[in-house]
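Here is a short briefing on one model. It takes the ligand site, then the salt bridges, then two further spots.

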Amino acid sequence: MTTHNEEDWLKHRKNFKESLSVESLFVGLRNGLRSSLSSAITIIESSIQSDQEKATQLIDRCLPFTGKSIRIGITGVPGVGKSTFIESLGIQLVSQGIKVAVLSVDPSSERSHGSILGDKTRMNILASSSLAYIRPTASGNSLGGVAQRTRESILLCEAAGFEVILVETVGVGQSETAVHALTDFFLLLMLPVAGDELQGIKRGIMELADAVVITKADELPEKTDLAIQTYRTAIHLFPAKDSTWAPKVLSYSMFNEQSVLKVWEMIKAFEAEIKENGYFEQRRNEQSVYWMRESVRDLLWNRLLDQSSAYIQQIEKEVLEGKISPFKASHLVFNKLIEKK
Ligand code: GDP
């Protein structure tokens, strides 16, 4: 039988091992080791309790070294050219000596058991640069969970010295708002065909965009010009942004190096403008509050599921059968939380 002392010793040893591993990951990360960054993100993504504790410690350790990058969200329907564009931009940046990380948000990947894009080797040329870090798509069963982990991954990348973080949406339709809430600049890629409905982009998403970039400009030059005019008109009808930035419409072709450099210059101009007028900091602070609330919501919901999963299933069945209104059901479920306090 284990003696009391042995138990203490084992506990002490376990704590020591864990703090050592957090510390060594932190040191590796601060030295820009991509292997440490990858292990750290894996811990962030893990649902094992001991990993979650480590993840919290690691994030706390990293926080003083975060916040210095420019975070760019990139969205658009599958096939619009996101990977191609991100690789072109990434190559331009690393060739200027800028460290680039690429992360993606894909809430659907768990359902399809690993995203198709995650399986194929993407952005080969960029991936071979020692200044680039490309993280295959994180999976998860809730958008909130995936977004939260992406937010933490952004912080880790920043602590590892990455100066530009490109956050791509891979899922269609639902993840754009989350990515907007994770980034400073939101870029919408569109094909050179008129009509946003055709491209499955909701008006609301267009309104979030700081820039629309028409892709594959080489394929349909005339249609590209027309699309630029159409989107410029559309964008000017939206209410002015809090950032005071007037959204831009540009075009891009993978065969035209200048086109991607123009997009980068625009992003730099945006960064300079919002740092000057104070919006950069204001928005980052607002995003922190937003993510705190999201996280509280997740914690509450998980606690409810832990405590009353059978009851919730029963109520959901009644909602499904139309026996009870969703509003009333939500109150019944919420009351369970208060009862068990
Ligand atoms: P994603 O699904 O949005 O990531 O799109 P991809 O980057 O995988 O691009 C989809 C297809 O469009 C690929 O076959 C690319 O080679 C092609 N493509 C991307 N950008 C351009 C471009 O600027 N010009 C042309 N002609 N084809 C492009």
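By class, which residues make up the shell around the ligand? The shell has six nonpolar, five polar and four charged residues. Here Ala, Val, Leu, Ile, Met, Phe, Trp, Tyr, Cys and Pro count as nonpolar, Asp, Glu, Lys and Arg as charged, and the others, Gly among them, as polar.

This is a predicted model: local features need pLDDT of at least 70, side-chain atom pairs count only at pLDDT 80 or more, and totals for chains, interfaces and linings use all residues. Residues are numbered from 1 along each chain as its sequence is written, and side-chain values use heavy atoms, with hydrogens and water left out.

**Ligand site**

- Of the 15 residues around the ligand, G79, S83, T84, D218 and M254 come nearest; a residue is near if one of its heavy atoms lies within 4 Å.
- The side chain of T84 places an N or O atom 2.5 Å from a ligand oxygen atom.
- K82 uses its backbone: an N or O atom there lies 2.8 Å from an oxygen atom of the ligand.
- E219 has a polar side-chain atom 3.3 Å from a nitrogen atom of the ligand.
- The protein covers 75% of the 580 Å² of accessible area that the ligand has on its own (Shrake-Rupley method, 1.4 Å probe; for residues, only the protein chains shown count as cover).

**Salt bridges**

- The whole structure holds 10 salt bridges (a side-chain nitrogen of Lys or Arg within 4 Å of a carboxyl oxygen of Asp or Glu).
- E45 pairs with R135, with the closest N and O atoms 3.2 Å apart.
- E45 lies in helix α2 and R135 in the loop between β3 and α7, so this pair ties together parts that are 90 residues apart in sequence. Helices (H or I, at least four residues) and strands (E, at least two) are DSSP runs, numbered from the N terminus.
- R135 is buried at 14% relative accessibility, while E45 is partly exposed at 22%. Buried means under 20% relative accessible area, exposed over 50%, partly exposed in between (1.4 Å probe, protein chains only).
- E271 and K275 form a salt bridge at 2.8 Å, N to O. Both lie in helix α11, four residues apart, about one turn of the helix.
- K268, E271 and K275 are linked in a salt-bridge network.
- E321 and K323 meet at 2.9 Å, N to O, in another salt bridge. K323 is exposed at 62%.

**Further spots**

- T215 sits in the loop between β6 and α10 and is buried, at 1%.
- T215 and Y252 are 37 residues apart in sequence, yet 4.9 Å apart C-alpha to C-alpha.
- V296 lies in helix α12 and is partly exposed at 37%.

Methods
Polar contact = N/O pair within 3.5 Å; in protein donor to acceptor, adjacent residues only side chain to side chain.
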